[in-house]
Amino acid sequence: AVHEERAQQAICTLPFTLLSRIDGDFTPPIQAIIGALAYKPVVKVGLGFRRRFWERDDGIYGGYSFLDDPNLILMYPSQGLGQGGDPEVAPGRDSAGGLVTLYYPPSRDSLRMTGLAPEARTQAALRDLEYLHPGTRQDLRAALSVPWSRIPWSAGCAGIWTDKARKQDLPRLATGDRRVLFAGEHISHIPAWMEGSVQSAHAALDVLQHQWRDQPEAAS
C-alpha cells in the first residue's frame, strides 16, 4: 500500500545508497553527491560460546585482538568479566558464557564473507578465530552474522568519504536542499557510529529551528 504524508519540510535520514534509487527533485549538485557516496561492505560475525575461553585460557578480559591480517579484528565482551563460563562450576548458567565478535573491514575478505550463506559464514569465522584460539569450536553455542551490504534498508554499513569530498560536500549537505534537510551517520564527522547519527540529528534540528525562526509565517 502507498502511504502519503504532506509537510512543509522534511529531515531525510535515508542512507544515500537507498536515496539515490528514489526519484526526487534534488538540485543537480546535491543529486551528484548523493549518487557518488559509496558505502562500506562490512561484515560482523558474533560467535556465542558456553565458556569464556579467552579469559580462562588466555587471560584476555575485554578489548580487541589485532592479527597480522589487517582484514580481521576480534572483539571480546566487556560485560560479565571474570564469570569464566565453566559448565562444571555453573551448570546451565547461560550468562556465564560470552560473545566474541569478528569484524571484517572493507576488503576482499569482507566481500567474500558477504557472498556466503549464513552457515558457511559461521564456519569461515570459526576457522579465522581458531588461528588465535585453537580448538574453540567445541564450545560454540550460537552464531549470528550481519553482512551490511545485503541489508535491504541500508545496503552498506557506513558512508565512505574521501578527505576532499568530506571537506567539500558535508558543509553543503548540512544546510540541506531547499525544504529537505539530511541526517544520519553519513552526515557527520563520526561516521559508522550512533554518536555521529545523533549529532547530525541535533544539527539538522538546529538548522530547522533557525529556518523557522527566520520565517515565522512558515509556522502558521
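Me: What makes Y76 count as buried?
Reply: This is a predicted model, and in it Y76 has a relative accessibility of 5%. Buried means under 20%, so Y76 counts as buried.

Me: And W54, is it buried or exposed?
Reply: W54 is buried, because its relative accessible area is 0% and the cut-off is under 20%.

Me: How many aromatic pairs are there?
Reply: The count comes to 7 aromatic pairs.

Me: Why is the pair of W54 and Y76 called tilted?
Reply: A pair of aromatic rings is described by the distance of the centres and the angle of the planes. For W54 and Y76 the centres are 6.3 Å apart, and rings pair within 6.5 Å. Their planes stand at 35 degrees; stacked needs under 30 and edge-to-face over 60, so this pair is tilted.

Me: What does the pair of W54 and Y76 tie together?
Reply: W54 lies in helix α3 (residues 53–56) and Y76 in strand β5, so the pair links parts that are 22 residues apart in sequence. W54 and Y76 also form one aromatic cluster with F49 and F53.

Me: Why is the pair of Y64 and F66 called stacked?
Reply: The ring centres of Y64 and F66 lie 5.9 Å apart, with planes at 15 degrees. Planes under 30 degrees apart count as stacked, so the pair is stacked. Y64 and F66 are both exposed.

Me: How do you know that strands β4 and β5 pair?
Reply: Pairing takes at least two bridges, and 4 bridges join β4 (residues 63–66) to β5 (residues 73–76). The two strands run antiparallel, and a hairpin joins β4 to β5 through 6 residues.

Me: Which residue in β5 does G63 stand opposite?
Reply: G63 stands opposite Y76.

Note on methods:
Residues are numbered from 1 along each chain as its sequence is written. This is a predicted model: local features need pLDDT of at least 70, side-chain atom pairs count only at pLDDT 80 or more; totals for chains, interfaces and linings use all residues. Side-chain values use heavy atoms; hydrogens and water are left out. Rings of Phe, Tyr and Trp (its six-membered ring) pair if their centres lie within 6.5 Å; planes under 30 degrees apart count as stacked, over 60 as edge-to-face and the rest as tilted. Buried means under 20% relative accessible area, exposed over 50%, partly exposed in between (1.4 Å probe, protein chains only).
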